[in-house]
Amino acid sequence: MTDSTTPGAPGRTVLLRRGEVHSPADPFATAMAVEGDRIAWIGSEAAADSLAATADEVVDLDGALVTPAFTDAHVHTTATGLALTGLDLAGAASLPDALAAIAAHAAAHPTDRVLIGQGWDATRWPERRPPTRAELDRAAGGRPLYLVRVDAHSALATTALLDLVPGVTDLPGHHPGGPLTGDAHHAVRRAADASVGPAQRAAAQRAALRHAASLGIGSLHECAGPEISSEDDLTALLALAAAEPGPRVHGYWAEALTAPGDAARVRALGAVGAAGDLFADGSLGSRTAHLHAPYADAPHTGTAYLDADAIAAHVTACTEAGLQAGFHAIGDAAVDAVLRGFRTAADRLGIARVRALRHRVEHAEMLSAEAVAAFADLALTASVQPGFDAAWGGLDGMYAERLGADRAAALNPFAALLKAGVPLAFGSDAPVTPLGPWAAVRAAAHHRTPEHRVSVRAAFTAHTRGGWRAIGRDDGGVLVPGAPADYALWDTGPLLVQAPDDRVARWSTDPRSGTPGLPDLAPGAPLPVCLRTVVGGRVVHDRLNE
């Protein structure tokens, strides 16, 4: 694990007072004391008077809300930074808009060896199709261009870029008339990534980390791997995060292991697990998620990248090495293969050993009731992204287009997972969906399928404490004495206790229950604004006195 901050000065005490402190230690707290890199005390204004004289610094919150800093449990940091600083087509409203943005970017970057862009989603365009290769060639002025789809599981490339990758036309996933997938996509991506120099990479990483800190994010789980980034990218990010103030970065390396000894190489990279985007399948948008039944809009069932035997071998090797394992699995067939692999490893090693390492599954979107029960039995963490439902759910969304309304309505069953006792860790998969933890909490509380909604409090916990628990730590993501001093200050309106169903939550919403409130996250309500982010007692973002 690499933390991006130097701890707060030993023994230095900071007292925060006259605010609202979101803490289970005292639901009515208005003050908090921090000593060094740890929370030292939570309490009332009257008690704060006795600490003020000896504190090294007193912060007048002036009514601001104090919460634990968020953790984003699934991020691609460099790609997020490149989207923030470069060509991002997420806002393109049509195919002509996208082509115009590409041409403008090419003109503004005449010296880039390979133009890199991301975020396009033809399902949002009136033309309902991606650019042809000829259209891309014209927009890019004949230069190499790599343009990854919003879900990162397919991409477009110009002729000039394909010419830089010998043999790409013979690889699986090369489609002359459409986006690249599979091995062809990975080969082209590697050529594009190789064009990003150390300075450009570092600038992108800094931009992403600064942006995360400005949103009250104190920790990121970087999901790296040979099919999504590179060893150099991961090690450079961890080194940067260790050297400069910013969010903590916990790296995952998604490479399949076959023997316990393989874990040494993963640990040598600085990774906390052989997990993250170890692909069992692809994505629904690119029609590469592996399904039991064919897509509603295509005569196939997607792509399986790993079978149950390979999954079992990886889980067994990781468990024997004491290393967290995990997989990317979206389609129901992929999820079932992952669960069969975990079950086989549990039969070999004993289920207690498998449970103890808190192995995880990323995305886990298409879950049957039996799959939810298996997650709970195997103590698997579901690392999920509420922004996916906000972006593509609903009767008219991309999910319904790909799967039909009935299957789409079953996706992302957060309430069923919580009811079964499955640990949840929320993230964004940025740049697939933007960094934005309060938006994610709102998306989970207002899921497009009402039966999958969870309370704001449960969603908030999944985006704070859930991320810490997902890396095997139970001491963070909560404001209690002794916890790491990772917290954020917020400008927000009145605090509420919001539940998805008033019939079962009346007591928790009654002020007499002492349940700590959170900002109003009703659709259309303004989201809280981050005033300060502190990681390990060190300020990493500050606009408190602006």
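**Labels and their grounds**

Reply: A274 stands opposite A325 in β15. The model is a predicted one. The two strands concerned, β14 (residues 271-274) and β15 (residues 324-329), run parallel to each other and share two bridges.

Me: What makes strands β14 and β15 a pair?

Reply: Pairing requires at least two bridges between the strands. Strands β14 and β15 have two bridges, and therefore they meet the criterion.

Me: In which sheet do these strands lie, and what is the order of its strands?

Reply: They belong to an open sheet of eight strands in the order β7-β12-β13-β14-β15-β16-β17-β18, with parallel pairing. Its edge strands are β7 (70-75) and β18 (424-426), each of which pairs on one side only. From one strand to the next, the twist averages 25°.

Me: Which helix packs on the sheet at β15 and β16, and at what angle to β15?

Reply: Helix α11 (residues 332-349) packs there, touching both β15 and β16 (360-363). The direction of α11 makes about 160° with that of β15. Another helix, α19 (residues 456-463), lies across β7 and β18 and runs at about 75° to β18.

Me: Why is the ring pair of F414 and F426 called tilted?

Reply: Ring centres must lie within 6.5 Å for a pair, and planes under 30 degrees apart count as stacked, over 60 as edge-to-face and the rest as tilted. The centres of F414 and F426 are 5.7 Å apart and their planes stand at 50°, so the pair is tilted. F414 lies in helix α17 (residues 414-420) and F426 in strand β18, 12 residues apart.

Me: How do you know whether F414 and F426 are buried or exposed?

Reply: Buried means under 20% relative accessible area, and exposed means over 50%. F414 has a relative accessibility of 1%, so F414 counts as buried. F426 has 0%, and therefore F426 is buried.

Me: What makes the pair of W438 and F460 stacked?

Reply: The stacked class takes planes under 30 degrees apart. W438 and F460 have 20° between their planes and 5.7 Å from centre to centre, which places the pair in the stacked class. W438 lies in helix α18 (residues 437-445) and F460 in helix α19, so the pair ties together parts that are 22 residues apart in sequence. Both residues are buried. Ring pairs link F70, W438, F460 and W490 into a cluster. The count of aromatic pairs comes to nine.

Me: What makes β6 and β19 a pair, and in which sense do they run?

Reply: Strands β6 (residues 65-68) and β19 (residues 487-491) share four bridges in the antiparallel sense. At least two bridges are required, so the two strands count as paired. The bridge partner of V66 in β19 is L489. Both strands belong to an open sheet of five strands, ordered β2-β6-β19-β22-β23, with mixed pairing. The edges of that sheet are β2 (20-21) and β23 (538-542), each pairing on one side only.

Me: Why is strand β10 called mostly covered?

Reply: Five of the five residues of β10 (residues 145-149) are buried. L145, L147 and R149 point one way, Y146 and V148 the other way, and all are buried. Strand β9 (residues 115-120) pairs with β10 in the parallel sense over five bridges, and I116 has Y146 as its bridge partner in β10.

Me: Why does R17 count as buried, and why is P523 exposed?

Reply: R17, in strand β1 (residues 13-17), has 16% relative accessibility, and so R17 counts as buried. Leaving aside residues up to four places away in sequence, its contacts include E45, D49, D60 and D62. P523 is in the loop between β21 (518-519) and β22 (529-535). The relative accessible area of P523 is 61%, so P523 is exposed. With the same exclusion, P523 touches R442 and H446.

Me: How many cavities are found, and which residues are closest to the centre of the largest?

Reply: A search of the whole structure finds four cavities of 30 Å³ or more.

Definitions and conventions
Residues numbered from 1 in each chain as written. Predicted model: local features only at pLDDT ≥ 70, side-chain atom pairs only at ≥ 80, totals over all residues. Heavy atoms only, no water. Axes fitted to C-alpha atoms, helices over the stretch in contact; angles between N-to-C directions. Contact = heavy atoms within 4.5 Å. Phe/Tyr/Trp six-rings, centres within 6.5 Å; stacked < 30°, edge-to-face > 60°. Buried < 20%, exposed > 50% of the residue type's maximum accessible area, 1.4 Å probe, protein only. 1 Å grid on protein atoms, 1.4 Å probe; cavity = no way out; pocket = protein on both sides within 12 Å on 5 of 7 lines; lining within 4 Å. Points joined across faces, edges and corners; volume = space filled by probe spheres on them.
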